[in-house]
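User: Hey, could you walk me through this model? I'd like to start with the open spaces and then move on to strands and helices.

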Amino acid sequence: MTLAEPSFADRDGSIWMDGELVPWREATTHVLTHTLHYGVGVFEGVRAYSTQEGPQIFRLTDHTKRFLDSAKIMRMELPYSFDELCEAQREVFRASKLDEGYIRPLAFYGSEAMGLRAQGLSVHVSIASWPWPSYMDPVLQERGLNVQTSSYTRHHVNISMCKAKAVGHYINSILALSEANDGGYDEALMLDNEGYVAEGTGENIFLVKSGVIHTPELTSCLAGITRDTVMVFARELGFDVIERRITRDEVYIADEAFFTGTAAEVLPISQLDGRKIGTGTRGPVTEKFQSMYLEEVHGRSSGHPEWRTPVKKD
């Protein structure tokens, strides 16, 4: 959001709150909401794209499954079923009257009590949608990101629940991204507690080396849905895809490197820690995946129609 855009608290439209659409400005909660104080909540980032058949939500069922999985991991019992949550996301996007946009489901604890016991708390679910045409400057989609290895370590599997897309996890990401931006970089690369490459602040990472695709194994990394999409594309194109531990210096000498994420889509990495990756610009494999991804989400490809859910009523 730029300074010229309206506050997220002061907009027209509707937000789905606990089973019904309410006016945007009335979608509020109390300052003593437990999640605000202790960070136990889960969310998703979902996107809908314009197609010839109208707006369609990309991989809605996969995002909703991860949302439910995250809640289970965090011991939150959601009061809505898989089907109800899928339909609610369609409903709120229909109400937004957008052709394209972002959808944010959030589950959070209520304000019945304070303290670490987190007992006797109600679980609330909200879903909002808004325009979000590009997470990154479109120029960077071609030129690539200038990335810094972060001084902050990514989560560890015995410190936090890394497979949950949890609210509190993103303190780590915000600190790392702020550090990188303050240093003049576009993004941060985060290492795990043993010094191996993990992911970006909100993206998974891939390397291309001698015609083979490499990506970190899913230990401290979130299982990205865009990551999975690109891995499907890669195998369909005949690439070998290897999930393994990767060291930082391997990124320096890769032929190409790129980030993936629902918000970021597919973004090339042109530099890491002052070293050019490959030619220092977007490589041909990255460009191919960018093209395939955009063709798929906009319904211009017939490869995976099961990944797109129409927003309009059945």
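**Pockets, strands and helices**

Analyst: Happy to! β6 (101-109), α5 (170-182), α6 (225-236) and β14 (256-261) each supply at least two residues of the lining of the second largest pocket. Helices (H or I, at least four residues) and strands (E, at least two) are DSSP runs, numbered from the N terminus. This is a predicted model, where local features need pLDDT of at least 70 and side-chain atom pairs count only at pLDDT 80 or more, while totals for chains, interfaces and linings use all residues. Residues are numbered from 1 along each chain as its sequence is written, and side-chain values use heavy atoms, with hydrogens and water left out.

User: Which element gives the most to the lining of the second largest pocket?

Analyst: That's α5, with five residues. The whole lining has 38 residues, and Phe43, Lys165, Tyr170, Thr201 and Gly202 lie nearest the centre of the pocket.

User: How many cavities of 30 Å³ or more turn up?

Analyst: Two, from a search of the whole structure. The largest cavity has a volume of about 50 Å³, and its lining includes Asp192, Tyr196, Pro216, Glu217, Arg244 and Arg245. By class, that lining has six nonpolar, two polar and four charged residues.

User: What about the second largest cavity?

Analyst: Its volume is about 40 Å³. Arg47, Tyr49, Phe58, His63, Ile225, Thr226, Thr262 and Tyr293 line the second largest cavity. β4 (46-49) and α6 are the elements that give two or more residues to this lining. The class count for the second largest cavity is four nonpolar, three polar and one charged.

User: Switching to strands: is β12 mostly covered or open?

Analyst: Mostly covered: five of the five residues in β12 (residues 212-216) are buried, where buried means under 20% relative accessible area, exposed over 50% and partly exposed in between (1.4 Å probe, protein chains only). Val212, His214 and Pro216 are on one side, with Ile213 and Thr215 on the other.

User: Which strands does β12 pair with?

Analyst: β11 (residues 204-209) pairs with β12 in the antiparallel sense over three bridges, and β13 (residues 241-244) runs parallel to β12, joined by four bridges. Two strands pair if DSSP finds at least two bridges between them. On the β13 side, the partner of Thr215 is Glu243. The chain crosses from β12 through α6 to β13 in a right-handed β-α-β crossover, that is, with the strands pointing away from the viewer, the path from the first strand over the helix to the second runs clockwise.

User: Last topic, helices. What's the span of α8?

Analyst: α8 (residues 284-297) has 14 residues and reaches 20 Å from its first C-alpha to its last, close to the 20 Å expected. The expected span is 1.5 Å times one less than the number of residues. Buried residues in α8 include Phe289, Met292 and Tyr293; that Tyr293 also lines the second largest cavity. Just after α8, Gly299 takes a positive phi of about 75°.

User: How about α3?

Analyst: The 15 residues of α3 (residues 82-96) should span 21 Å, and the end C-alpha atoms are 22 Å apart, which agrees. Among the buried residues of α3 are Leu85, Arg90 and Phe93. Lys97 follows α3 with a positive phi, near 60°.

How values were computed
1 Å grid on protein atoms, 1.4 Å probe; cavity = no way out; pocket = protein on both sides within 12 Å on 5 of 7 lines; lining within 4 Å. Points joined across faces, edges and corners; volume = space filled by probe spheres on them. Nonpolar A, V, L, I, M, F, W, Y, C, P; charged D, E, K, R; others polar.
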